[in-house]
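Work through the exercises below with the sequence and the model open. Each task is followed by a solution in steps.

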Amino acid sequence: MDRILTAIKPTGIMHIGNYFGAVKPLFQMSEGNETFFFIADYHALNFIKSAEELKNNSQMLAAAYLACGLDPEKIIFFRQSDVPEVFELNWILSNITPKGLMNRAHAYKAMVEQNIENGLDKDSNVNMGLYNYPILMAADILLYNSKYVPVGLDQKQHCEIARDLAQYFNNRYGETFVLPEPKIEESVAVIPGLDGRKMSKSYNNTIQMFCSEKDLQKTINRIVTDSRLPGEPKNDDCTLAQFYSLFGTKEQTEDYKKRLREGLGWGDAKKELFVVMNEYISPMREKYNYYMSNPQEVEKILQEGSIKARRIARKVLNKVRKKIGVCKLAD
Ligand code: TRP
């Protein structure tokens, strides 16, 4: 049994690309492992400056994961901001972090390059939250002595920084932290968006996971197809077929593809896609709506999660405090 940990920033509404690309793989990976999963609200603070929005987004995200089937008995599920111990470790790690390492972190580096391109001062619009972002993320990971960190490729560098910092600390103070490893899930299929490109909020081509039936129908109607008429053979690897295969059974999908090749019209193909998608999503949508109208239940689950998380965080932090010459935390 290994300890795995990952987190997600509460920056928007869950779409089906998130579900198949992150939620399902997390559930699979958590089987047989000790899993920590949290809502990284303090990492979102740099992007979201409205209190209302940060709070609502965090609540929506928690409701979404629970609706998708996150079992809080199996996954320690909490909000980053409910474990203040992380900021203590953040500070301690800051003191072993070479500034040059932060200069090379990609989010900061990209900002600097853009500023230079625009003829601005290199640090224009850079705040210390952005600059120190990788240290907080390292603290997130090391605070629980996590071994594996499942993330997308864009977070690989951050995980490597966490590993570097763990190593620096261990070298200076003696074995303390487990050296974490990123787990980049390569087998996860790229989920297409409405226009056939990768589904992404930044392309504005997403299908929201829990939208109403009516909106789901409308969104499916926006999926781009070619101009082939009913009766003309279609490519069975088209965007519609790709979506269908995510929601339908293997047999259903084979049959759907066969009929596309035989000339199934786009209009009918979209109606059929709606039926399988809606069948799959309906029970989750119901749960989502339930949690959204019962926020106190979501809150209770998160609070219980944070109690479990803090118990471990405080143990690790006490070990760190001892190593650096600071007294134990009061119980
Ligand atoms: N930085 C990650 C992202 O942007 C979110 C995150 C914060 C995270 N802390 C983490 C991911 C710890 C894995 C482990 O998506």
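**Exercise 1. Salt bridges**

Task: Find which residues are linked with Arg79 in a network of salt bridges, then examine three further pairs in this predicted model.

Solution. 
Step 1. Arg79 belongs to a salt-bridge network together with Asp82 and Glu299.
Step 2. A search of the whole structure gives 19 salt bridges. Side chains of opposite charge can pair when their charged atoms come close.
Step 3. Glu34 has a relative accessible area of 25%, so Glu34 is classed as partly exposed.
Step 4. Another salt bridge joins the side chains of Asp123 and Lys122, at 3.3 Å from N to O. Asp123 is partly exposed at 31% relative accessible area, and Lys122 is partly exposed at 41%.
Step 5. Asp195 and Arg197 also meet through their side chains, with 3.0 Å from N to O. Asp195 has a relative accessible area of 32% and is partly exposed; Arg197, at 43%, is partly exposed as well.

**Exercise 2. Cysteines**

Task: Determine how many disulfides there are, and whether Cys211 is buried or exposed.

Solution. 
Step 1. A disulfide is a covalent bond between the sulfur atoms of two cysteines. The cut-off for the two sulfur atoms is 2.5 Å.
Step 2. With this rule the count is zero disulfides. For Cys211, the nearest cysteine sulfur is that of Cys68, 13 Å away, and Cys211 is in no disulfide.
Step 3. Buried means under 20% relative accessible area. Cys211 has 9% relative accessibility and therefore counts as buried.
Step 4. Exposed means over 50%. Cys327 has 62% relative accessibility and therefore counts as exposed.

**Exercise 3. Positive phi angles**

Task: Locate Asn125 and Asn204, and state the phi of Asn125 and of Asn204.

Solution. 
Step 1. Most residues other than glycine have a negative phi.
Step 2. Asn125 is not a glycine, yet its phi is positive, near 65 degrees. Asn125 sits in the loop between helix H6 (106–117) and helix H7 (128–142). With 66% relative accessibility, Asn125 is exposed.
Step 3. Asn204 has a positive phi too, of about 55 degrees, and is likewise not a glycine. Its place is in the loop between strand S5 (181–184) and helix H9 (213–221). The relative accessible area of Asn204 is 62%, so Asn204 is exposed.

**Exercise 4. Helix H8**

Task: Compare the span of helix H8 with the expected span, then list the residues of H8 that are buried.

Solution. 
Step 1. H8 covers residues 156–173, which makes 18 residues.
Step 2. From its first C-alpha to its last, H8 reaches 26 Å, close to the 26 Å expected at 1.5 Å a residue.
Step 3. The buried residues in H8 are His158, Cys159, Ile161, Ala162, Leu165, Ala166, Phe169 and Asn170.
Step 4. Gly174 follows H8 and has a positive phi, near 95 degrees.

**Exercise 5. The largest cavity**

Task: State how many cavities of 30 Å³ or more the structure holds, and describe the lining of the largest cavity.

Solution. 
Step 1. There are three cavities of 30 Å³ or more. The largest cavity holds about 40 Å³ of space.
Step 2. Its lining consists of Gly12, Ile13, Met14, Met60, Leu61, Ala64, Phe210 and Tyr288.
Step 3. Helix H3 (residues 51–67) supplies the largest share of this lining, three residues.
Step 4. By class, the lining of the largest cavity has seven nonpolar residues, one polar and no charged.

**Exercise 6. The second largest pocket**

Task: Give the volume of the second largest pocket and find which element gives the most to its lining.

Solution. 
Step 1. The volume of the second largest pocket is about 260 Å³.
Step 2. This pocket is lined by 16 residues, and those closest to its centre are Met128, Gly129, Asn132, Tyr133 and Leu136.
Step 3. Helix H2 (41–44), helix H4 (85–94) and H7 are the elements that give two or more residues to the lining. H7 gives the most, with six residues.
Step 4. The lining of the second largest pocket divides into eight nonpolar residues, seven polar and one charged.

Definitions and conventions: Residues are numbered from 1 along each chain as its sequence is written. This is a predicted model: local features need pLDDT of at least 70, side-chain atom pairs count only at pLDDT 80 or more; totals for chains, interfaces and linings use all residues. Side-chain values use heavy atoms; hydrogens and water are left out. On a 1 Å grid over the protein atoms alone, a cavity is a set of points where a 1.4 Å probe fits but cannot get out, and a pocket is an open set with protein on both sides within 12 Å along at least five of seven lines; lining residues have an atom within 4 Å of a point. Grid points are joined across faces, edges and corners, and a volume is the space filled by probe spheres set on the points. Helices (H or I, at least four residues) and strands (E, at least two) are DSSP runs, numbered from the N terminus. Ala, Val, Leu, Ile, Met, Phe, Trp, Tyr, Cys and Pro count as nonpolar, Asp, Glu, Lys and Arg as charged, and the others, Gly among them, as polar. The expected span of a helix is 1.5 Å times one less than its number of residues. Buried means under 20% relative accessible area, exposed over 50%, partly exposed in between (1.4 Å probe, protein chains only). A salt bridge is a side-chain nitrogen of Lys or Arg within 4 Å of a carboxyl oxygen of Asp or Glu.
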